[in-house]
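Notebook open, model loaded. I wanted to look up confidence, helix packing and aromatic contacts.

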Amino acid sequence: MSRRSKIWMAAVIGVVAAFLAAALVLHPSFQLTALTDIVESLMVASGAASFVPLARRAKGRMRLFWSLIILWVTLWCGYELCWVYFEVLARREVPDLFAGDVVLFLNIVPLMAALALRPHVPERSPAAATNLTY
């Protein structure tokens, strides 16, 4: 594991530990809601950002795979940011019939498309694709 990866992992563990401590110590309040919403959004955004180097290094089908994974996490991050808007900026509860909930149903599409690419299966050459045996 590279030094940069170790620093990244330590930072994530530190944020999660601080998040857990705050959740156990703080009483249900606006501060706790704001902290949890913002930290969760930052964690999801950092997850999306962590896949970008993988997508940039990859080629062909693997690049498409990582791009779809980034899209999946970005949609999830957008949903989290909607919660930040309602609960932190507007200071009101998220409506029961929230239009942003559509993202929860749509964000599975890029994930399923990425998995359908079967990135674990080696790519065949075009010549090998014509010699299919049944």
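My entries follow, starting with the ground rules.

This is a predicted model, so I kept local features to pLDDT of at least 70 and side-chain atom pairs to pLDDT 80 or more, while totals for chains, interfaces and linings use all residues. Residues count from 1 along each chain as its sequence is written, and side-chain values use heavy atoms, with hydrogens and water left out.

Confidence. I checked pLDDT, the predictor's confidence in each residue from 0 to 100. The protein's mean is 84, and 91% of its residues reach 70 or more. Among the elements, α3 has the highest mean (91) and helix α6 (residues 126-130) the lowest (51). Where pLDDT is low, the predicted coordinates should not be read in detail.

Helix packing. I looked at helix α2 (residues 30-57) against helix α3 (residues 61-89): the angle is about 165° and the axes are 9 Å apart. They are therefore roughly antiparallel (angles over 145 degrees count as that). The residues of this contact split into 20 nonpolar, five polar and six charged.

Aromatics. I found seven aromatic pairs in the whole structure (ring centres within 6.5 Å; planes under 30 degrees apart are stacked, over 60 edge-to-face, the rest tilted). Tyrosine 79 and phenylalanine 98 make a tilted one, 6.1 Å centre to centre with 45° between the planes. Tyrosine 79 sits in helix α3 and phenylalanine 98 in the loop between α3 and α4 (101-106), 19 residues apart. Buried or exposed, I asked of tyrosine 79? Tyrosine 79 is buried at 9% relative accessible area (buried means under 20%, exposed over 50%, partly exposed in between, with a 1.4 Å probe and protein chains only). Phenylalanine 98 is buried too, at 10%. Phenylalanine 86 pairs edge-to-face with phenylalanine 98, at 5.3 Å and 85°. One aromatic cluster takes in Tyr79, Trp83, Tyr85, Phe86 and Phe98.

Terms used. Axes fitted to C-alpha atoms, helices over the stretch in contact; angles between N-to-C directions. Helix = DSSP H or I, 4+ residues; strand = E, 2+ residues; numbered from the N terminus. Parallel < 35°, antiparallel > 145°, perpendicular 65-115°, else oblique. Nonpolar A, V, L, I, M, F, W, Y, C, P; charged D, E, K, R; others polar. Phe/Tyr/Trp six-rings, centres within 6.5 Å; stacked < 30°, edge-to-face > 60°.
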